[in-house]
Amino acid sequence: AITTQPASLTQCAGTNATFSVTATGTALTYQWQKGGTNIGGATNASYTLNNISAADAGSYTVVLSGTCGTLTSNAATLTVNPLTAITVQPVALTRCTGTAAAFSVTATGAGLTYQWRKGGTNISGATNSSYSIASVVIGDAANYDVVVTGTWGSVTSAAVALTVNTAPAITTQPVSLTQCAGTNVTLSVTATGSGLTYQWLKGGTNISGATNASYTIASLAAGDAGNY
């Protein structure tokens, strides 16, 4: 006779799960089964599965045999919930000021929640699997990560950088010059921005090789006069 039936279990992957039965009778023997099939070596009043995985989920029973008969227990179900895990990490981004930026993460597990962070500090309201900035500014440049919390643990993503590039802007314009023929003249510009390159023009036409922040003409001639 079974006095205590095996109980169903819900556990995390990687843990150990133990089913047990309490019975009375004479010369009792035990045989645990999964899905009605005998489990080799599982012949005690309890049966332990170590380091369980999704493959261990199923229905477990135990068959008791004694001098006066055989009896099968009620079925107990083992449910294996996956540990919280990140399967796709967020990716670093480079954006220009005024454009949009979006980070995302893909995770597995039960009961997942998300908290995005900037430089290790929680971002208020950033609690979805993705986090978007509609119009980035210089102050948004930082490292971002997300803490994913589930029923079976928490995990923090890799920290990835948002690099913010600024649009080019001229802070000091070139100045008009009047000089004598035969002298040297230098035109220059001061600008801010990311990844700047320069191309000087005369009368709207590119000057070959004039690709620095300043442009020098050595030994001026009448033909050098014009708009630059």
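**Exercise 1.** Is cysteine 68 buried or exposed?

*Solution.* The model is predicted, so local features need pLDDT of at least 70 and side-chain atom pairs pLDDT 80 or more, while totals for chains, interfaces and linings use all residues. Residues are numbered from 1 along each chain as its sequence is written, and side-chain values use heavy atoms, without hydrogens and water. Relative accessible area sorts residues into buried (under 20%), exposed (over 50%) and partly exposed (in between), with a 1.4 Å probe and protein chains only. Cysteine 68 has a value of 79% and is therefore exposed. Cysteine 96, at 42%, is partly exposed.

**Exercise 2.** State how many disulfides a search of the whole structure finds.

*Solution.* A disulfide requires two cysteine sulfur atoms within 2.5 Å. The search returns zero.

**Exercise 3.** Locate the salt bridge of arginine 117.

*Solution.* The criterion is a side-chain nitrogen of Lys or Arg within 4 Å of a carboxyl oxygen of Asp or Glu. One salt bridge is found in the whole structure. Arginine 117 pairs with aspartate 145, with 2.9 Å between the closest N and O atoms. The pair links distant parts of the chain, 28 residues apart: arginine 117 lies in strand β15 (residues 113-118) and aspartate 145 in strand β18 (residues 142-150). Strands are DSSP runs (E, at least two residues), numbered from the N terminus. Aspartate 145 is buried, at 9% relative accessibility.

**Exercise 4.** Describe the faces and pairing of strand β17.

*Solution.* In β17 (residues 130-133), Tyr131 and Ile133 form the covered face, Ser130 and Ser132 the uncovered one. Pairing needs at least two DSSP bridges between two strands. Strand β13 (residues 101-104) and β17 have four, in the antiparallel sense. Phenylalanine 103 stands opposite tyrosine 131.
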